[in-house]
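Dear colleague,

Please find below the structure that I am handing over to you, together with its sequence. My notes on it follow directly after.

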Amino acid sequence: MSIEKVRTYFARYGMEDRILEFPVSSATVELAAEALHCEPCRIAKTLSFLVGEDPILIVAAGDTKIDNPKYKGQFGTKAKMLTPEQAETRIGHAVGGVCPFGIEPGVKVYLDVSLKRFQTVFPACGSSNSAIELTIPELEQYSGYTAWVDVCKGWNDAPSV
């Protein structure tokens, strides 16, 4: 089970006890916010895409959407999300529990700047009823991120350039 991979991953850092499991689904931003009693924007949703043949993850604030022109400017291609089957095999987690922890080798992780406005955020932990609260520096450390990117819209009042 995917949450066990994440639990094993965090055990290396003595953090497995920080994983939260809920008796209800946290598979969507709205459900996760309800389970955590927090604002949806603080849910760190993890979106999976293909860039060429390579899978990537983008972790973004829960109140964002991918901005296609920004995405193309960053990655040089149109945003193409993985299918649920591809997410499970190429990333290592099923949709609803996709996260940047305990993932398949070679998957690059990008953090969207929409997350930087928070002290802590809540990414999933490999299942559709789990999360962990991390500071932004912890998210950087444990996600093994490649870079910060600016590929989302809808989270600030600034007009898109």
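Which side chain does a polar contact of 2.4 Å join to that of threonine 120? It is the side chain of arginine 42. Please bear in mind that this is a predicted model.

Threonine 120 belongs to strand E6, which covers residues 120-123. Its side chain also makes a polar contact with the side chain of glutamate 133, at 2.8 Å. When neighbours within four places in sequence are left aside, the residues in contact with threonine 120 are Arg42, Glu133, Leu134 and Thr135. Is threonine 120 buried or exposed? Threonine 120 counts as buried, because its relative accessibility is 17% and the cut-off for buried is under 20%.

I turn next to the cysteines. The number of disulfides comes to zero, a disulfide being a pair of cysteine sulfur atoms within 2.5 Å. For cysteine 41, the nearest cysteine sulfur is that of cysteine 38, 7.6 Å away, and cysteine 41 is in no disulfide. Cysteine 152 is likewise in no disulfide; the nearest cysteine sulfur to it belongs to cysteine 41, at 13 Å.

Both of these residues fall under the same cut-off for burial, under 20%. Cysteine 41 has a relative accessibility of 14% and therefore counts as buried. Cysteine 152, at 1% relative accessibility, counts as buried too.

Yours sincerely

Methods
Residues are numbered from 1 along each chain as its sequence is written. This is a predicted model: local features need pLDDT of at least 70, side-chain atom pairs count only at pLDDT 80 or more; totals for chains, interfaces and linings use all residues. Side-chain values use heavy atoms; hydrogens and water are left out. Helices (H or I, at least four residues) and strands (E, at least two) are DSSP runs, numbered from the N terminus. Buried means under 20% relative accessible area, exposed over 50%, partly exposed in between (1.4 Å probe, protein chains only). A polar contact is a pair of N or O atoms within 3.5 Å; within protein, one must be able to donate a hydrogen and the other to accept it, and residues adjacent in sequence count only if both atoms are side-chain atoms. Contact means heavy atoms within 4.5 Å.
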